[in-house]
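Dear colleague,

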Amino acid sequence: MLLEKNVTAWIWKKCCDSFYVWSITLKQDDVEDDGDVGVPAPETRAPGDETARYLEPIYHVCNRLRLRVRRALEHGETPVVLGGDHSIAIGTISGVAEH
């Protein structure tokens, strides 16, 4: 699936203990949507341990995202992860770190 319109994304890169941030505009014909990473609704799962609620489903979602990011990098692509809450950083950064 291609994007319906152009998207501007912020990209960051760690280099020499510094972070560099810049923006790029992704054009429709240059971007391929790899689809959603399925996230179960919390209401369908038991919260588990009170000190780490929903740990198991969060782990599995982050792991699926990690695999997608790593695969994109292995194919010479630049993954851009959009949406979600702050926990998407876990899978995104893990995939980049493994590459």
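How many salt bridges does a search of the whole structure find? The search finds 6 of them, a salt bridge being a side-chain nitrogen of Lys or Arg within 4 Å of a carboxyl oxygen of Asp or Glu.

Please keep in mind that this is a predicted model, in which local features need pLDDT of at least 70 and side-chain atom pairs count only at pLDDT 80 or more, while totals for chains, interfaces and linings use all residues. Residues are numbered from 1 along each chain as its sequence is written, and side-chain values use heavy atoms, with hydrogens and water left out.

The protein chain has 2 helices and 2 strands, which follow one another from the N terminus as β-β-α-α; helices (H or I, at least four residues) and strands (E, at least two) are DSSP runs, numbered from the N terminus. The average pLDDT, which is the predictor's confidence in each residue from 0 to 100, is 79 for the protein chain, and 71% of the residues score at least 70. Among the elements, H1 has the highest mean (92), whereas strand S1 (residues 7-15) has the lowest (58). Where pLDDT is low, the predicted coordinates should not be read in detail.

Turning to the salt bridges, Asp34 pairs with Arg68, with the closest N and O atoms 3.9 Å apart. Because Asp34 lies in the loop between S2 and H1 and Arg68 in helix H1, this pair ties together parts that are 34 residues apart in sequence. Asp34 also meets Arg71 in a salt bridge (2.7 Å, N to O), and since Arg71 lies in helix H1 as well, that pair ties together parts 37 residues apart in sequence.

A further salt bridge joins the side chains of Glu98 and Arg66 (2.7 Å, N to O). This pair links distant parts of the chain, with Glu98 in helix H2 and Arg66 in helix H1, 32 residues apart. Salt bridges that share partners join Arg66, Arg70, Glu74 and Glu98 into one network. Is Arg66 buried or exposed? Arg66 is buried, with a relative accessible area of 16%, whereas Glu98 is partly exposed at 40%; buried means under 20% relative accessible area, exposed over 50%, and partly exposed in between (1.4 Å probe, protein chains only).

Finally, Tyr54, in the loop between S2 and H1, has a positive phi of about 60 degrees although it is not a glycine.

With best wishes
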